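Subject: Structure handover

Hello,

Please find the structure we spoke about placed below. My notes come after it.

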Amino acid sequence: FDQRDGFIWMNGSLVPWREAKLHVLSHGLHYASCVFEGERAYGGQIFKSTEHSERFRNSANVLDFEIPYSVAELDAAKQLVVDKNNFTDCYVRPVAWRGSEMMAVAAQNSTINTAIAVWPWPSMFNVAEKMKGIRLDIAEYRRPDPRTAPTAAKAAGLYMICTISKHRAERRGYADAMMLDWQGRVAECTGANIFFAVDGVLHTPIADCFLDGITRRTVIELARRRGIEVIERRIQPEELPNFEECFLTGTGAEVTPVSEIGPYTFKPGALSRTFVEDYSAEVRPKQQAA
Ligand code: PMP
């Protein structure tokens with residue numbers, strides 16, 4: 001991934017992609033003092049850029065550091081990288097980490113580094129393809145108790161169990177893994193939130209120990225606009241056979257229907273299709289009135 005053309009924004013300036021490097025003694029690498037974002041630009045505009053910049057700064061605060069750029073500066077920097085790389089539709093990855101000035105658990109005086117990279121990641125709004133659904137494994141690891149880890153932050157350290165779970169799922173022939181929470185209830189996937197549908201109503205777990213995704217909130221808003229009820233509640237894995245449909249939401253996943261979770265099967269149907277299509281329309285920049 002490090003051998004590409006184009007530019008990466010790093011600590012306030014654009015640098016050639018191959019030159020955006022850091023030292024091996026970076027605190028962020030050793031102690032996971034690192035937070036990041038995942039966003040998408042559609043038609044040259046980043047969807048909900050400001051919400052992502054706010055979450056980015058909040059994630060850093062939870063990890064006890066301050067990103068040295070305001071929300072407005074981050075929004076402008078992200079747009080600059082998208083434009084300078086000549087992308088209209090792409091993925092946007094801001095990342096911030098403690099630098100290499102202090103090599104111990106305590107690192108209050110380390111420099112906070114901030115970088116923004118963008119790369120092509122075609123959105124998958126081929127509805128027919130999506131409606132086949134993906135197959136999910138059930139992960140061995142659980143989302144941690146919020147008293148055990150800073151679960152509301154998009155912190156690099158929280159992704160260790162996601163990578164392990166995703167690798168295990170792929171080894172076993174699945175696309176991804178559904179993770180339970182520390183109490184054994186349905187939580188989310190390794191990089192996306194989860195919704196279920198039955199009798200025309202959506203059910204989704206309460207985001208109290210995992211990321212309350214910006215896509216999750218967008219889908220809840222889209223449902224309200226259509227008058228479709230959304231119930232946020234505790235969902236036990238034993239309830240899975242009662243649901244007709246299931247889909248994932250996330251910046252990368254967008255809205256992705258699910259056909260199987262371990263032994264349970266779902267039939268992507270009218271509600272999944274509605275949200276695939278509504279989300280696809282929602283992310284496109286609105287045409288200015290003539
Ligand atoms: N949960 C996890 C673990 C994620 O990595 C993501 C993707 N950022 C999400 C949920 C969905 O978040 P969003 O909709 O803000 O992309």
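What follows is a summary of what was found, from the whole chain down to single residues.

The model is a predicted one, and every value below was computed from it.

Overall build

The chain folds into seven helices and 16 strands. Its radius of gyration is 19 Å, close to the 19 Å that the globule rule gives for 290 residues, so the chain is as compact as a globular protein of that length. Along the principal axes, the C-alpha trace spans about 55 × 55 × 30 Å. Of the 290 residues in the chain, 38% are buried. Counting contacts between residues at least 6 apart in sequence, 68% join residues at least 24 apart.

Domains and their contact

Domain 1 puts 17 residues into the contact, and domain 2 puts in eleven residues.

On the domain 1 side, the elements that give two or more residues are strand 3 (34–36), strand 4 (39–42) and helix 2 (49–62). Helix 2 provides the largest share of that side, with five residues. By class, the domain 1 side has eight nonpolar, three polar and six charged residues.

Ligand shell

The ligand is surrounded by 15 residues, and the closest are Gly-213, Ile-214, Thr-215, Gly-250 and Thr-251. Two elements give two or more residues to this shell: helix 6 (214–226) and strand 14 (245–250). Helix 6 gives the most, with three residues. If you set up calculations around the ligand, the class make-up may be of use: the shell has eight polar, five nonpolar and two charged residues.

Nonpolar core

Nonpolar side chains in soluble globular proteins tend to be buried together. In this chain, the largest nonpolar core has 62 residues. Those with the most contacts inside this core are Met-178, Cys-189, Phe-195, Cys-246 and Val-258. Helix 7 (residues 270–283) supplies the largest share of the core, five residues. The core draws on both parts of the chain, with at least three residues from each of domain 1 (7–119) and domain 2 (127–283).

Cys-189 can be looked at on its own. Not counting residues up to four places away in sequence, Cys-189 touches Leu-136, Asp-176, Ala-177, Met-178, Met-179, Ile-194 and Leu-248. One of these, Met-178, is also listed among the core residues with the most contacts.

Ile-8 and Ala-117 make a pair to inspect together. Ile-8 sits in strand 1, and Ala-117 sits in strand 7 (residues 112–119). Ile-8 has 24 other C-beta atoms within 10 Å and is therefore buried. Ala-117 is buried as well, with 21 other C-beta atoms within 10 Å.

Leaving aside neighbours within four places in sequence, Ile-8 is in contact with Val-15, Trp-17, Ala-20, Ala-115, Ile-116 and Ala-117.

Between Ile-8 and Leu-136, 128 residues apart in sequence, the C-alpha to C-alpha distance is 34 Å. The C-alpha atoms of Ala-117 and Tyr-159, which are 42 residues apart along the chain, are separated by 19 Å.

Which residues have a positive phi of about 50° although they are not glycines? Asn-11 is one of them, and Asp-199 is another. Asn-11 is found in the loop between strand 1 (7–10) and strand 2 (13–16). Asp-199 is found in the loop between strand 11 (193–198) and strand 12 (201–205).

Are these residues buried or exposed? Asn-11 has 14 C-beta neighbours inside 10 Å, so it counts as partly exposed. Asp-199 has 8 such neighbours inside 10 Å and therefore counts as exposed.

Regards

Conventions. Residues numbered from 1 in each chain as written. Predicted model: local features only at pLDDT ≥ 70, side-chain atom pairs only at ≥ 80, totals over all residues. Near = placed C-beta within 6 Å. Helix = DSSP H or I, 4+ residues; strand = E, 2+ residues; numbered from the N terminus. Nonpolar A, V, L, I, M, F, W, Y, C, P; charged D, E, K, R; others polar. Contact = placed C-beta atoms within 7 Å. Core = buried A, V, L, I, M, F, W, Y, C linked by C-beta atoms within 7 Å. Buried ≥ 20, exposed ≤ 12 C-beta atoms within 10 Å, placed from the backbone. Domains from an automatic or database assignment. Rg over C-alpha atoms; globule rule 2.2 N^0.38 Å.
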